[in-house]
Amino acid sequence: MRKTFAQKIINTNNLEGIDKKILDANRRFNVGYVLEKMDLTAAESAMKFAGTSQIVTRYIEMDVNGTLSINGDLYINSMINSARKSSMEVGITLESFIDGEFKRTASGYFAFVALNDFGKPVEQLQQINVKNEEDENLFELSEKRRGQRI
């Protein structure tokens, strides 16, 4: 198995139906709310990949490339970049869909450790099959980040 993918869509076309905590006082997206949704989407990928509902997370890095618009949908995508014995790195992107075009507004990485029923790290996660050059680059960059953290 190569990737476990999760996606969340925040629909902004009907502002009347939007939860009030999504927007701040200036009617811009509440950054904390968006980061929470990104974290939950990354966790969903990690839990699917590990086959467990128990994980612990560590935020690694987040790059913001633009502003969020309330005039289009937001797409949050996540995938597994690498997996070790019990830990994995999940890449996450946030894209705005405005005027029929996707624009990446943020991307980042989270590290997760899969836990067994006793709250201990699992013995062995499945390995990722690197299928193409893009997968290989994601894996290598993930391993470099891991080396910097340790």
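Predicted model: local features only at pLDDT ≥ 70, side-chain atom pairs only at ≥ 80, totals over all residues.

Trainee: How many helices and strands does the protein chain have?

Mentor: There are two helices and five strands in the protein chain. Read from the N terminus, the elements follow the order β-α-β-β-β-β-α.

Trainee: What percentage of the residues of the protein chain count as buried?

Mentor: The protein chain has 150 residues, and 40% of them count as buried. As for its surface, the chain exposes about 8,800 Å², of which carbon and sulfur atoms supply 49%. Contacts along the sequence may be read too: among those between residues at least 6 apart in sequence, 69% join residues at least 24 apart.

Trainee: Let us turn to the sheet. In which order do its five strands lie?

Mentor: The general idea is that strands of a sheet pair through backbone hydrogen bonds, either parallel or antiparallel. Here the five strands form an open sheet in the order β1-β3-β4-β5-β2, and the pairing is antiparallel. The edges are taken by β1 (5-10) and β2; each has a single partner strand, so one side of each lacks a neighbour in the sheet. From one strand to the next, the twist averages 20°.

Trainee: How many bridges join β3 to β4, and how many join β4 to β5?

Mentor: Ten bridges join the antiparallel strands β3 and β4, and twelve join β4 to β5, which are also antiparallel. For β2 and β5, again running antiparallel, the count is nine bridges. Individual pairs can be located as well: I80 stands opposite V90 in β4, and L94 stands opposite A106 in β5. A106 is also the bridge partner of V64.

Trainee: How many residues lie between the strands in the hairpin of β4 and β5?

Mentor: That hairpin has two residues between its strands, and D99 there takes a positive phi near 55°. G100 is found in the loop between β4 and β5. With a relative accessibility of 60%, G100 counts as exposed, because the cut-off for exposed is over 50%. The C-alpha atoms of G100 and G72 are 9.2 Å apart, although the two residues are separated by 28 residues in sequence.

Trainee: Is V90 buried or exposed?

Mentor: V90 lies in strand β4, a strand that is mostly covered, with nine of its twelve residues buried. V90 itself has a relative accessible area of 0% and is therefore buried, since buried means under 20%. Leaving aside neighbours within four places in sequence, V90 is in contact with several residues, including A42, S45 and A46, as well as G108, Y109, F110 and F112. I80 also belongs to that list; the C-alpha atoms of V90 and I80 are separated by 4.5 Å, with the residues ten apart along the chain.

Trainee: Which residues of α1 are buried?

Mentor: Helix α1 (residues 31-50) has 20 residues and reaches 28 Å from first C-alpha to last, close to the expected 28 Å. Its buried residues are Y33, V34, M38, T41, A42, A43, S45, A46 and F49. What covers them includes β1, β2, β3, β4 and β5. Just after α1, G51 takes a positive phi of about 70°.

Note on methods: Residues numbered from 1 in each chain as written. Heavy atoms only, no water. Pairing = 2+ DSSP bridges. Helix = DSSP H or I, 4+ residues; strand = E, 2+ residues; numbered from the N terminus. Axes fitted to C-alpha atoms, helices over the stretch in contact; angles between N-to-C directions. Buried < 20%, exposed > 50% of the residue type's maximum accessible area, 1.4 Å probe, protein only. Contact = heavy atoms within 4.5 Å. Areas by Shrake-Rupley, 256 points an atom, 1.4 Å probe, with all protein chains shown as cover. Expected span 1.5 Å × (residues − 1).
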